[in-house]
Amino acid sequence: MVLPLVLAAVSTVVGIGSAKKQHDASAASAKAAEESGILQARQYASEMFLMKSQAIAKSNQSIEEMNRAESQNIAAFSAMGRDDRSVDAFLKRNRELAGQDIANIATASVLEEAKYRTQASMAYVYGQNAAAGIRANGSINLLSNISSIAQSLPPLFATSPITSTQAITNKMTSDNTF
């Protein structure tokens with residue numbers, strides 16, 4: 001009689017330990033998913049800052065090229081002995097084209113920045129949601145395992161559960177009011 005109870009107790013302890021270990025593994029997996037989302041979001045943010053610095057460098061390069069071309073054009077026009085309104089118009093047009101290039105670079109940079117910000121935000125939220133889902137699954141599995149363990153325990157008392165109808169009947173017969 002004692003041996004089945006000891007075996008049931010050992011089985012219960014092992015089952016609870018196993019359920020706890022599975023829950024801990026789920027918690028670790030959730031933490032990893034959360035950290036992965038954070039790291040991926042940081043990667044997108046880093047790429048965004050790199051893209052912005054590249055756009056600035058490209059804009060600066062356009063300005064340098066414009067200044068260099070303007071100096072060369074002024075020197076060439078001076079060598080030809082030309083210094084009139086057509087030269088000024090030509091230089092003005094070159095400045096306008098360089099300004100348009102810089103504006104296009106800035107617009108593309110803003111759009112790329114929005115893309116990277118969105119990707120970073122989505123990666124972060126995805127990591128958080130994945131972690132929440134893993135945690136929920138882990139908790140459900142833990143409760144399910146504990147429920148299975150509880151259902152497999154041998155009854156400590158030999159009596160069977162009494163229904164409400166049996167309880168009323170027992171009460172009425174014990175009071176002799178039936």
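Which residues are linked with Lys52 in a network of salt bridges? The network joins Lys52, Glu113 and Arg117. A salt bridge is counted where a side-chain nitrogen of Lys or Arg lies within 4 Å of a carboxyl oxygen of Asp or Glu.

The model is predicted: local features need pLDDT of at least 70, side-chain atom pairs count only at pLDDT 80 or more, and totals for chains, interfaces and linings use all residues. Residues are numbered from 1 along each chain as its sequence is written, and side-chain values use heavy atoms, with hydrogens and water left out.

Eight salt bridges are present in the structure. One of the pairs is Arg117 and Glu113, whose side chains meet at 2.8 Å, N to O. Both residues lie in helix H2, four residues apart, about one turn of the helix. Helices (H or I, at least four residues) are DSSP runs, numbered from the N terminus. Glu113 is buried at 16% relative accessibility, whereas Arg117 is partly exposed at 47%. Buried means under 20% relative accessible area, exposed over 50%, and partly exposed in between (1.4 Å probe, protein chains only).

A salt bridge also forms between Arg135 and Glu34, with the closest N and O atoms 2.8 Å apart. This pair links distant parts of the chain: Arg135 belongs to helix H2 and Glu34 to helix H1, 101 residues apart. Arg135 is partly exposed, at 39% relative accessible area. Glu34 is partly exposed as well, at 23%.

Within helix H2, Glu112 and Lys115 are three residues apart, about one turn of the helix. Their salt bridge has its closest N and O atoms 3.5 Å apart. The charged end of Lys115 also sits over the ring of Tyr116, 4.9 Å from its centre. This contact requires NZ of Lys or CZ of Arg within 6 Å of the ring centre and within 35 degrees of the ring normal.

One aromatic pair is found in a search of the whole structure. The ring centres of Phe77 and Phe90 are 5.6 Å apart and the planes stand at 85°, so the pair is edge-to-face. Rings of Phe, Tyr and Trp (its six-membered ring) pair if their centres lie within 6.5 Å; planes under 30 degrees apart count as stacked, over 60 as edge-to-face and the rest as tilted. Phe77 lies in helix H1 and Phe90 in helix H2 (residues 85-152), 13 residues apart. Phe77 is buried, at 15% relative accessible area. Phe90 is partly exposed, at 36%.

Conventions
Helices (H or I, at least four residues) and strands (E, at least two) are DSSP runs, numbered from the N terminus.
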